[in-house]
Amino acid sequence: MSVLPIVQWPDPRLSTVCAPVDAPTSETLLNDMFDTMYAAKGRGLAGPQVGVLARLFVMDAGWKEGTPTPLAMINPEIEPCGEPTSLEEMCLSVPDVGVPVLRPSSVFVRWRDQHGAPQAAQFDGAEARIILHEFDHLDGKLHFDRVSPNLRTDLETPYLKAHT
């Protein structure tokens with residue numbers, strides 16, 4: 001198992017819509033993604049964030065509180081539900097930039113697990129937010145894409161100056 005390099009914005013791979021996963025997913029890739037997410041102190045990590053343009057992500061909403069809940073989602077399909085809530089989100093591909101994002105408080109998801117078995121469940125709270133954030137990565141979107149153009153410029157400008 002190893003820690004993979006995390007793709008940093010504005011790398012164009014982060015703006016690419018990912019392809020569905022047709023073949024079984026490599027257990028090694030998923031394990032490496034979990035290792036990378038934990039090493040970066042994140043709660044979610046999508047394929048494009050490690051240069052894999054495929055519809056998959058890993059997440060663990062509880063590990064920072066001492067109750068690990070690792071979950072891999074392959075080819076997720078989502079149905080947002082619940083009242084919208086605005087919270088500040090961070091992204092491993094845009095370090096140190098918190099963005100206030102309005103998202104539904106719940107989401108119903110259908111996906112395949114790391115063994116290819118179909119799964120379905122509803123998630124609330126932090127888990128729902130992580131899923132929606134990671135799902136955006138699969139569609140080539142960042143948390144920047146969820147705010148007004150003026151706020152986006154205000155957030156992007158200092159980041160780009162510091163990282164280019």
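# Briefing: salt bridges, a covered helix and aromatic pairs

Arg152 forms a salt bridge with Asp145, and their closest N and O atoms are 2.3 Å apart. A salt bridge here is a side-chain nitrogen of Lys or Arg within 4 Å of a carboxyl oxygen of Asp or Glu. This is a predicted model, in which local features need pLDDT of at least 70 and side-chain atom pairs count only at pLDDT 80 or more, while totals for chains, interfaces and linings use all residues. Residues are numbered from 1 along each chain as its sequence is written, and side-chain values use heavy atoms, with hydrogens and water left out.

**Salt bridges**

- The structure holds 10 salt bridges.
- Arg152 counts as partly exposed, because its relative accessibility is 23%. Buried means under 20% relative accessible area, exposed means over 50%, and partly exposed is in between (1.4 Å probe, protein chains only).
- Arg110 and Glu79 meet through their side chains in another salt bridge (2.7 Å, N to O). Arg110 lies in strand S4 and Glu79 in strand S3, so this pair ties together parts that are 31 residues apart in sequence.
- Arg110 is partly exposed at 39% relative accessibility. Glu79 is partly exposed at 40%.
- Glu89 forms a salt bridge with Arg129, with the closest N and O atoms 2.7 Å apart. This pair links distant parts of the chain: Glu89 is in strand S3 and Arg129 is in helix H2, 40 residues apart.
- Glu89 counts as buried, because its relative accessibility is 4%. Arg129 counts as buried too, at 12%.
- A network of salt bridges links Glu89, Arg103, Arg129, Asp136 and Arg146.

**Helix H2**

- Helices (H or I, at least four residues) and strands (E, at least two) are DSSP runs, numbered from the N terminus.
- H2 covers residues 125-138, which makes 14 residues. The expected span of a helix is 1.5 Å times one less than its number of residues.
- How many of the 14 residues of H2 are buried? The number is 11, so H2 is mostly covered under the cut-off for buried.
- Among the buried residues are Ala128, Arg129, Ile130 and Ile131. Leu132, His133, Glu134 and Phe135 are buried as well. Asp136, His137 and Leu138 also belong to this group.
- What covers them includes strands S1 (44-46), S2 (56-59), S3 (71-91), S4 (94-112) and S5 (118-124).
- Just after H2, Gly140 takes a positive phi of about 75°.

**Asp60, a buried charge**

- Asp60 is found in the loop between S2 and S3.
- Asp60 is buried yet has no salt bridge. The nearest side chain of opposite charge is Arg43, 7.0 Å away. For charge, Lys and Arg count as positive and Asp and Glu as negative; His and the chain ends are not counted.
- A polar atom of the Asp60 side chain lies 3.1 Å from the backbone nitrogen of Gly62.
- Leaving out residues up to four places away in sequence, Asp60 touches Met37, Tyr38, Arg43, Thr67, Pro68, Thr69 and Pro70. Contact means heavy atoms within 4.5 Å.

**Aromatic pairs**

- The structure holds five aromatic pairs. Rings of Phe, Tyr and Trp (its six-membered ring) pair if their centres lie within 6.5 Å; planes under 30 degrees apart count as stacked, over 60 as edge-to-face and the rest as tilted.
- Phe34 and Tyr38 form a stacked pair, 6.1 Å centre to centre, with 20° between the planes.
- Where do Phe34 and Tyr38 lie? Both are in helix H1 (residues 27-39), four residues apart, or about one turn of the helix.
- Phe34 is buried, because its relative accessible area is 12%. Tyr38 is partly exposed, at 24% relative accessibility.
- Tyr38 and Trp63 form an edge-to-face pair, 5.1 Å centre to centre, with 75° between the planes. This pair links distant parts of the chain: Tyr38 is in helix H1 and Trp63 is in the loop between S2 and S3, 25 residues apart.
- Trp63 is partly exposed, with a relative accessible area of 23%.
- Trp9, Phe144 and Tyr159 form one aromatic cluster.

Terms used. A polar contact is a pair of N or O atoms within 3.5 Å; within protein, one must be able to donate a hydrogen and the other to accept it, and residues adjacent in sequence count only if both atoms are side-chain atoms.
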